[in-house]
Amino acid sequence: MKESKYIYSNGSFKKSDFELSNDVNPNELLVRPLRMLICASDLHHMKAHADIDLTLGHEYVARVEKAGSECSLKTGDLVTSTACLHCGECEQCKLGMTNYCENREWLGFNDKGALSTAFKIKEHQVVKLPEGLALKEAVIYEVASIGYEAVRLLLEISNDKISNKQTKVAITGAGPVGLFCALAAKKKNLDVTVIEKIPARIKRAAELGFNCLPLQTILMDRSLQHQYDMIIDASGDADGKGALSFVPHLGKLRFNLVIVGKYLKEPGLELTKLNNFGATMKFMRGTPISSLQAVVDEWAEDISSWSQKIITSEYDFSEIEKAYSDVLDLNSSCKLMIKVQD
Ligand SMILES: [Zn+2]
Ligand SMILES: [Zn+2]
């Protein structure tokens, strides 16, 4: 079959046609991505790996075109996956830590991604989405699962504080991932505050029902500092400095911190301050497939009501350059969706 995809190389996107055989292994699916979302990690990889040809796209919904003889999924089923395509057999996979698979392949960070009209994937690497789900909702599940996993990790490292309903959590960064972290924390009955510096993002977080404080306000008012038992840094430095260096101003004694946002530059986090506070810190790397499945099972209603607010614009497959340029305007954009095909 003649297929096409976009390759990001040397600072620009090029459309390229390729041949993909129709044959699938018994445990394999041939899928057609229908919609994909642009992620801050795409921007991170475009900067960090400028020397390799990238086929981007790991937040997507695809339709099964052909299923191998041993698969239980059928032609027409809607699926998504995490960015980490796991083997299912190594030590990490057997523990359920599929995001640490020793034989993983990354989707969207090499030559296979959703910015493509078709690709092949093993059945155990996908999660089936409910039938009849709107594509604009179906495409959000992967990014939602990042928030779910961040809060799961936060509670795992904070287990002596879970029972306290007064537990205060700060989420730094109100981009899509930060908002889903806030949602996950709220669902666990934690007292959530979203901390952000960009006015449009503060407004969006407030519209979604979150208590939201400007970072600048907290930095200038000492009485607002050191209030939080738990912190998730969902900012990263794709659009500037990131909030990680300010985290020691937010945490209480023995605060727990999960770092989700990616940093290309040294974030300036002073370890002596973390030491003084007896902080516990955990880095998150992707999400296991179990957390994606949990979001599919438990969050359909939230995702349905959020989809219009989260997806702020839509682009055709031919408008890639414009989409990846518009995404840099954080004052107007939240999630940008690409229509790969219908
Ligand atoms: Zn992503
Ligand atoms: Zn594995």
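In this predicted model, 15 residues of domain 1 are in contact with 14 residues of domain 2. Two residues count as in contact if their C-beta atoms, placed from the backbone, lie within 7 Å. The domain bounds come from an automatic or database domain assignment. Local features need pLDDT of at least 70, side-chain atom pairs count only at pLDDT 80 or more, and totals for chains, interfaces and linings use all residues. Residues are numbered from 1 along each chain as its sequence is written, while chains are lettered from A and ligands numbered from 1 in the order in which they are written.

**The two domains**

- Domain 1 covers 2-139 + 299-339, and domain 2 covers 147-283.
- Their centres, taken over C-alpha atoms, are 28 Å apart.
- On the side of domain 1 that touches domain 2, helix H1 (40-48) and helix H11 (300-310) each supply at least two residues.
- H1 gives the largest share of that side, with 6 residues.
- By class, that side of domain 1 has 7 nonpolar, 4 polar and 4 charged residues. Nonpolar means Ala, Val, Leu, Ile, Met, Phe, Trp, Tyr, Cys and Pro; charged means Asp, Glu, Lys and Arg; the others, Gly among them, are polar.

**The whole protein**

- The protein has 12 helices and 17 strands. These are DSSP runs, numbered from the N terminus: helices are H or I with at least four residues, strands are E with at least two.
- The radius of gyration is 20 Å, close to the 20 Å that the globule rule gives for 342 residues, so the protein is as compact as a globular protein of that length. The radius is taken over C-alpha atoms, and the rule is 2.2 Å times the number of residues to the power 0.38.
- Its C-alpha atoms fill a box of roughly 65 × 40 × 35 Å along the principal axes.

**An open sheet**

- Six strands, in the order E12-E11-E10-E13-E14-E15, form an open sheet with parallel pairing. Two strands pair if DSSP finds at least two bridges between them.
- Strand E12 (211-214) and strand E15 (280-283) are at the edges with a single partner strand each, so one side of each has no neighbour in the sheet.
- Strands E13 (residues 228-233) and E14 (residues 251-259) run parallel and are joined by 5 bridges.
- Ile232 stands opposite Val258 in E14.
- Helix H4 (residues 141-157) packs on the sheet and touches E13, E14 and E15. The direction of H4 makes about 140° with that of E14. Axes are lines fitted to C-alpha atoms, for helices over the stretch in contact, and angles run from 0 to 180 degrees between N-to-C directions.
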